[in-house]
Amino acid sequence: MDRTSYRLEDDDRPSIAVINAIADHEGSSPDEIRPQLYDAVDPDALDSLFQPCVDGKLRRGGRAVFTYRGYRVTYESDGWIHVNDNQNAASGTSEHTPADE
């Protein structure tokens, strides 16, 4: 199983970082990634889930795991995205572990 890990850039939203991670994994441009991310997961919800807490502290310990383009994508609250080849993934499968509040 091939795996690519990608680190969120300071000015990236989590949803954009996922697209960049997939592009890195495939060796392609983010503009070439189809279908759109929103066909697998709500990008606004993903971005909101990992926003800093109301007091400005970063969220710790949460992750979102979902299938996109046949890959198992894991977004960690620390900004790491892991893309794993997932030959047995069912399209649209998702698992969410909320970040702490």
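Reply: R69 sits in the loop between β2 and β3. Most residues other than glycine have a negative phi, and most peptide bonds are trans. R69 is partly exposed, with a relative accessible area of 31%.

Now look at the strands on each side. β2 and β3 make a hairpin with two residues between the strands, and R69 takes its positive phi there. The two strands run antiparallel and are joined by six bridges. T67 stands opposite R72 in β3.

Leaving aside neighbours within four places in sequence, Y68 is in contact with I19, I22, I33, P35, Q36, L37, A40 and V73. One of these partners, P35, deserves a stop. P35 is found in the loop between α1 and α2. The peptide bond from R34 to P35 is cis, with omega near 0°.

The largest nonpolar core has 21 residues. Those that touch the most other members are V18, I22, L37, F66, Y68, V73 and I81. The largest share, six residues, comes from α1. In soluble globular proteins, nonpolar side chains tend to be buried together.

Next, α1 itself. Helix α1 covers residues 14–26, which makes 13 residues. From its first C-alpha to its last, α1 reaches 18 Å, close to the 18 Å expected at 1.5 Å a residue. Of its 13 residues, 10 are buried, so α1 is largely enclosed by the rest of the structure. The buried ones are P14, S15, A17, V18, I19, N20, A21, I22, A23 and H25. What covers them includes β1, α2, β2, β3 and β4. After α1 comes G27, whose phi is positive, near 70°.

Y71 has D85 in β4 as its bridge partner. β3 and β4 form a hairpin too, with three residues between them. In that turn, G79 has a positive phi of about 95°.

F50 and Y75 form it, tilted, with 4.6 Å centre to centre and 45° between the planes. F50 lies in the loop between α2 and β2, while Y75 lies in strand β3, so the pair ties together parts that are 25 residues apart in sequence. F50 has a relative accessible area of 12%. Y75 has 2%.

Strands β1 and β4 pair in the antiparallel sense over five bridges. R7 stands opposite W80 in β4. β1 shows two faces. T4 and Y6 make the covered face, while R3, S5 and R7 make the uncovered one.

Now the whole chain. It has two helices and five strands. Read along the sequence, the pattern is β-α-α-β-β-β-β. Of its 101 residues, 40% count as buried. Among contacts with a separation of 6 or more, 54% come from residues 24 or more positions apart.

Last, the confidence of the prediction. The mean pLDDT of the chain is 84, and 84% of the residues reach 70 or more. Over residues 89–101 the pLDDT is below 50. Beyond near neighbours in sequence, this stretch has 27 contacts in the model. Where pLDDT is low, the predicted coordinates should not be read in detail.

Methods: Residues are numbered from 1 along each chain as its sequence is written. This is a predicted model: local features need pLDDT of at least 70, side-chain atom pairs count only at pLDDT 80 or more; totals for chains, interfaces and linings use all residues. Side-chain values use heavy atoms; hydrogens and water are left out. Rings of Phe, Tyr and Trp (its six-membered ring) pair if their centres lie within 6.5 Å; planes under 30 degrees apart count as stacked, over 60 as edge-to-face and the rest as tilted. Helices (H or I, at least four residues) and strands (E, at least two) are DSSP runs, numbered from the N terminus. Buried means under 20% relative accessible area, exposed over 50%, partly exposed in between (1.4 Å probe, protein chains only). Two strands pair if DSSP finds at least two bridges between them. The expected span of a helix is 1.5 Å times one less than its number of residues. Contact means heavy atoms within 4.5 Å. A nonpolar core is a set of buried Ala, Val, Leu, Ile, Met, Phe, Trp, Tyr and Cys residues joined through side-chain atoms within 4.5 Å. pLDDT is the predictor's confidence in each residue, from 0 to 100.
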